[in-house]
Amino acid sequence: MGKKQLKFNSRTIHGGQSPDEAYGAVMPPIYQTSTYAQSTPGGHKGYEYSRSANPTRTALENSLASIENGNYGLAFGSGLAAIDAVIKLLGPGDEVISTSDLYGGSYRIFKKIFEKFGIVFHFVGMQDTAEIAKHINAKTKLIWVETPTNPMMNIIDIKLVSQLARKHKILLAVDNTFATPYLQLPLDLGADIVMHSATKYLGGHSDVVLGALVVRDKELADQLYFIQNASGAVCGPMDSFLVLRGIKTLHVRMQRHCENGRAVAEYLANHSKIEKVFWPGFPDHPNHEVAKSQMKDFGGMISFVPKGGNYQDAIKIVEKLQLFTLAESLGGVESLAGHPASMTHASIPKEEREKSGVVDALIRLSVGIEDKEDLMEDLRQAIE
Ligand SMILES: Cc1ncc(COP(=O)(O)O)c(C=O)c1O
């Protein structure tokens, strides 16, 4: 059976992979080298210098392309380095429409780095596609979607946005970090670029920082490869290896993240001291139907606000948690808790943050793959 036809779970393990040519190693060796011997100028075996390409990185890039149903994968030193490469497709005067509820670091690179170079960013709530249409003009070159959004867990209809983007010949990029290709495949839904902070679920073990892009179009891939090499924000072979290893268990980890996520979301929703729980799996979540149609399940990311919406109560809870570690990041096997207003989203001004619901009492959970009973017991003792 050709690897192209493999189903998702098999592709996480085998997609784009073949045993190493030298000794048949099943996992690609960590080619810890900066350069490659040439027999004559240009006489090499496909690799010249590891900024341009490295065999371990190639193995990861092939896996990334395979799991996202794309044709070309590109790996970077971090998720932000991948975003940086996408925005470098643009020039001064070009405009970008981005979700208003997004990772604080994405907001920061847009506003604090690229605005200086004359790129204009509009931040809009994208649950209603009509809001996006209002900001489209002849200079609009890119729509930036994050879904589910971080940390409010809103869902954006990728297919609907892609129809709008296509009509106006605008590129559509989707940050698929929260969902992963296990839950949703943005390229299949019409996106041009999929972006990942592979630091999160793809790596899956909180031991590496890495970013990724996947596309189908050859011309777009060539432009991005050019930027990857010319700007140089690549990942090393060891980090490539770690993410490749992580991807091989993505499907089983995600299945458990979803199962535990559901249990924790329902526990919190029924708790008398909790005011509001944000998780797209609830039938009364405003975008539940879209989530149901574009995602296979609802994931392990949950945000919530304690009753009364008091900042001090939220801080007390995150300080008392024992199994959930209070830490930045998400998507690892261990459960983490975060306080977006002072941690992941501190770079967004308070008025902007609160417009999208990121109030000072909001707590975000990345539900890991421990026993769900232990996770609920930890929340019980922290909330009471
Ligand atoms: C949704 C999302 N996108 C992008 C990033 C940035 O990725 P990295 O931290 O790997 O640079 C993050 C990091 O938290 C994220 O959560």
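**Sheet**

I started with V194 in the predicted model and looked for its bridge partner, which turned out to be V214 in β7. I then checked how the two strands run: β6 (residues 193-197) and β7 (residues 211-215) pair in the antiparallel sense, over 5 bridges.

Next I traced the sheet that holds them. I got 7 strands in an open sheet, ordered β1-β7-β6-β5-β4-β2-β3, with mixed pairing. Which strands sit at the edges? I found β1 (72-76) and β3 (120-124) there, each pairing on one side only.

Helix α4 (residues 104-114) lies across β2 (95-99), β3 and β4 (140-146). I noted its direction too: α4 runs at about 150 degrees to β3.

**Ligand site**

How many residues are around the ligand? I counted 14, and G79, D175, S197, T199 and K200 come nearest.

I went through some polar pairs, atom by atom. For D175, a polar side-chain atom is 2.6 Å from a ligand nitrogen. For N150, I have a polar side-chain atom at 3.4 Å from a ligand oxygen. L80 uses its backbone instead: a polar backbone atom there is 2.9 Å from an oxygen atom of the ligand.

**S356**

I moved on to S356, which is in the loop between α13 (350-355) and β12 (363-366). Is S356 buried or exposed? Its relative accessibility is 18%, and the cut-off for buried is under 20%, so S356 counts as buried.

I checked where its side chain goes: the side chain of S356 reaches the backbone oxygen of R353 at 3.1 Å. Skipping neighbours within four places in sequence, I found S356 in contact with S100, D101 and M152.

**Nonpolar cores**

Last, I looked at the nonpolar packing. The largest core has 63 residues, and L268 and L365 touch the most other members. Which helix gives the largest share of this core? I got α10 (residues 250-269), with 6 residues.

I listed the contacts of L268, again leaving out neighbours within four places in sequence. They are I274, V277, I302, F304, L365, L379 and I383.

How values were computed. Residues are numbered from 1 along each chain as its sequence is written. This is a predicted model: local features need pLDDT of at least 70, side-chain atom pairs count only at pLDDT 80 or more; totals for chains, interfaces and linings use all residues. Side-chain values use heavy atoms; hydrogens and water are left out. A nonpolar core is a set of buried Ala, Val, Leu, Ile, Met, Phe, Trp, Tyr and Cys residues joined through side-chain atoms within 4.5 Å. Buried means under 20% relative accessible area, exposed over 50%, partly exposed in between (1.4 Å probe, protein chains only). Helices (H or I, at least four residues) and strands (E, at least two) are DSSP runs, numbered from the N terminus. Contact means heavy atoms within 4.5 Å. Two strands pair if DSSP finds at least two bridges between them. Axes are lines fitted to C-alpha atoms, for helices over the stretch in contact, and angles run from 0 to 180 degrees between N-to-C directions. A residue is near a molecule or strand if one of its heavy atoms lies within 4 Å of it. A polar contact is a pair of N or O atoms within 3.5 Å; within protein, one must be able to donate a hydrogen and the other to accept it, and residues adjacent in sequence count only if both atoms are side-chain atoms.
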